[in-house]
Amino acid sequence: MKRTGVLTVSIILGIALLFPSQPKASPLYTINGAVSLKLNKDTFKNWKNISGKLRKGFSDLTAEEEYYIGRAVSAKILTRYKVYDDLERNTYINTLGQLLAWSSSRPEIFGGYHFTLIESDEINAFAAPGGFIFVTTGLYRSVENEEQLAAVLAHEIAHVNLQHGLRAIKKSNLTEAFSLIGTEVAKSYNKEQLLQLTGVFGKSVDDIVNQLVVSGYSRGQEYDADEEALRIAHGAGYNPDGLGEFLESLQQASEEGQPKGFTSTHPPAEKRLGKVDKFLKKVELTGSTETQRSSRFAGLKL
Amino acid sequence: MTRSIQTLILTIITFVVLTALAADTVSVSVRKTSIRTESRFYAPAVEEAVYKDELQVLMTVKDWIKVSKNGKEGWIHVSAVSSIAVAASSSESELSSEYSEEEIALAGKGFSEQVEEQYRQDNPELAFATVDEMEKYAVPLADVIAFQTKGKLIARERAP
């Protein structure tokens, strides 16, 4: 009898919640068999799904894990390259980069975006997971205006947005990590667990560093980053032609036999140019280059 | 009515009740961010929010969510939050509440600060101190806005 009473109350409460007599007036709610928020798949398109109890692929890494992986990848990259100690220009690329990130598909990431110039004659740039972006002084010297620099930074932000770094982690390392981490809530690991997890963390970091510095991303990933870079730079108000212009100068530099970098880890500039032009025509993106930006850059030229 | 059917119904009802109660809250998924007066990054902050803060959802417009924290209302970008519980309807079943509860359960676990500390001990040659320095480059909002204005940059709708 008591049980029936509880059941009746529960049913009434359940129905009341399923069909509220006064649905909230905000556009958030739909009555669709269940009360639901209109925070749909699209709203969370950039949000990582941790599906069920089993984590399987790179996309199951949390934003916090992506950040710590990115810090370690950066700590490795910075043993190979020295930071170019120039507060004015580093502030410049960080300001420009932050503005671009606002137009990207993931404007907010765990630790935010950070940019730094590194000393090297190579024309190159790297993006570690978690928003750590490195631009060589060689590259900075080779760009001719702010539109081109914006295109380069947007390309690197796109690699972060598209999680290309995390995709470099070998499946076997991810599987090992996820099985060690498990799903039970524990505040910390015992020493043995911690050492094992740190081991697989190191292997994952090496997978990414190797791809960033040695083998480079796949051509498909580079083309995707170019397309996304055009969206980002255009969204921030830049002339999207900056990317094409930069690729043209890269092509020229490569023909003149200037120090490589991009050419060893990126597809040929000519091929990228073709794809960039095609995309710009398809989506009809245009813009103009304001003199205020060009003169600002000229004052900061290396 | 058999006991097992009663148990089943009670379980379903409990699930629905819990889901409905939690349905309008999101959890901050970034270390720190701002709740802003308008749905754009260059709008002034109303309130600061930090990792794992729970925010009351009021409405959404495109990629922005109007939230309430400590009685203050403002906007936060969707990339800065995880959903605590989005009730599963047929068209939105991929967003069952489990995902983010899992993410919350994993907070501070996995590749975490604790793992980094061990990794740093094992690899003292790595340039973590320089990474810390790099993270200090945080440009104040006012400077980004001034940069935007001086450069005659006007934000545009995202291209398809």
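Modeller: Two strands count as paired if DSSP finds at least two bridges between them. Keep that in mind for this model, which is predicted.

Colleague: In β5(A), which residue is the bridge partner of Ile118(A)?

Modeller: Thr136(A) is that partner in β5(A).

Colleague: In which sense do β4 (residues 125-128) of chain A and β5(A) run, and how many bridges join them?

Modeller: In general, strands of a sheet pair through backbone hydrogen bonds, and the pairing is either parallel or antiparallel. Here β4(A) and β5(A) run antiparallel, with four bridges between them.

Colleague: What do β4(A) and β5(A) form, and how many residues lie between them?

Modeller: They form a hairpin, with three residues between the two strands. In the turn, Gly130(A) has a positive phi of about 80°.

Colleague: In what order do the three strands of the open sheet stand?

Modeller: The order in chain A is β3-β5-β4, and the pairing is mixed. β3 and β4 of chain A are at the edges with a single partner strand each, so each has one side without a neighbour in the sheet. From one strand to the next, the twist averages 15°. Helix α3 (residues 87-102) of chain A packs on this sheet, where it touches β3 and β5 of chain A. The direction of α3(A) makes about 145° with that of β3(A).

Colleague: Which residues of β5(A) are on one side, and which on the other?

Modeller: The general idea is that side chains in a regular strand alternate between the two faces of the sheet. In β5(A), Phe132(A), Phe134(A) and Thr136(A) are on one side, while Ile133(A) and Val135(A) are on the other. Both faces are covered. Since five of the five residues of β5(A), residues 132-136, are buried, the strand is largely enclosed by the rest of the structure.

Colleague: Is Thr116(A) buried or exposed?

Modeller: The cut-off for a buried residue is 20 or more other C-beta atoms within 10 Å of its own. Thr116(A) has 26 within that distance, so Thr116(A) is buried. This residue is found in strand β3 of chain A. Apart from neighbours within four places in sequence, Thr116(A) is in contact with Val83(A), Asn90(A), Phe134(A) and Met134(B).

Colleague: At what angle do the axes of α9 (residues 219-235) and α12 (residues 269-283) of chain A cross?

Modeller: Two packed helices are described by the angle between their axes and the distance between the axes. For α9(A) and α12(A), the axes cross at roughly 40° and come within 10 Å. The two helices are therefore oblique to each other. The crossing of α9(A) past α12(A) is right-handed.

Colleague: Which residues of α9(A) and α12(A) meet?

Modeller: From α9(A) come Glu222(A), Tyr223(A), Asp226(A), Glu227(A) and Leu230(A). They meet Arg272(A), Lys275(A), Val276(A), Phe279(A) and Leu280(A) of α12(A). Sorted by class, this contact has five nonpolar, no polar and five charged residues.

Colleague: How many helices and strands does chain B have?

Modeller: Chain B has five helices and seven strands. Their pattern along the sequence is α-β-β-β-β-β-β-β-α-α-α-α. Of the 160 residues of chain B, 34% count as buried.

Terms used. Residues numbered from 1 in each chain as written. Chains lettered and ligands numbered in written order. Predicted model: local features only at pLDDT ≥ 70, side-chain atom pairs only at ≥ 80, totals over all residues. Buried ≥ 20, exposed ≤ 12 C-beta atoms within 10 Å, placed from the backbone. Axes fitted to C-alpha atoms, helices over the stretch in contact; angles between N-to-C directions. Contact = placed C-beta atoms within 7 Å. Parallel < 35°, antiparallel > 145°, perpendicular 65-115°, else oblique. Left-handed = near helix turned anticlockwise from the far one by under 90°. Nonpolar A, V, L, I, M, F, W, Y, C, P; charged D, E, K, R; others polar.
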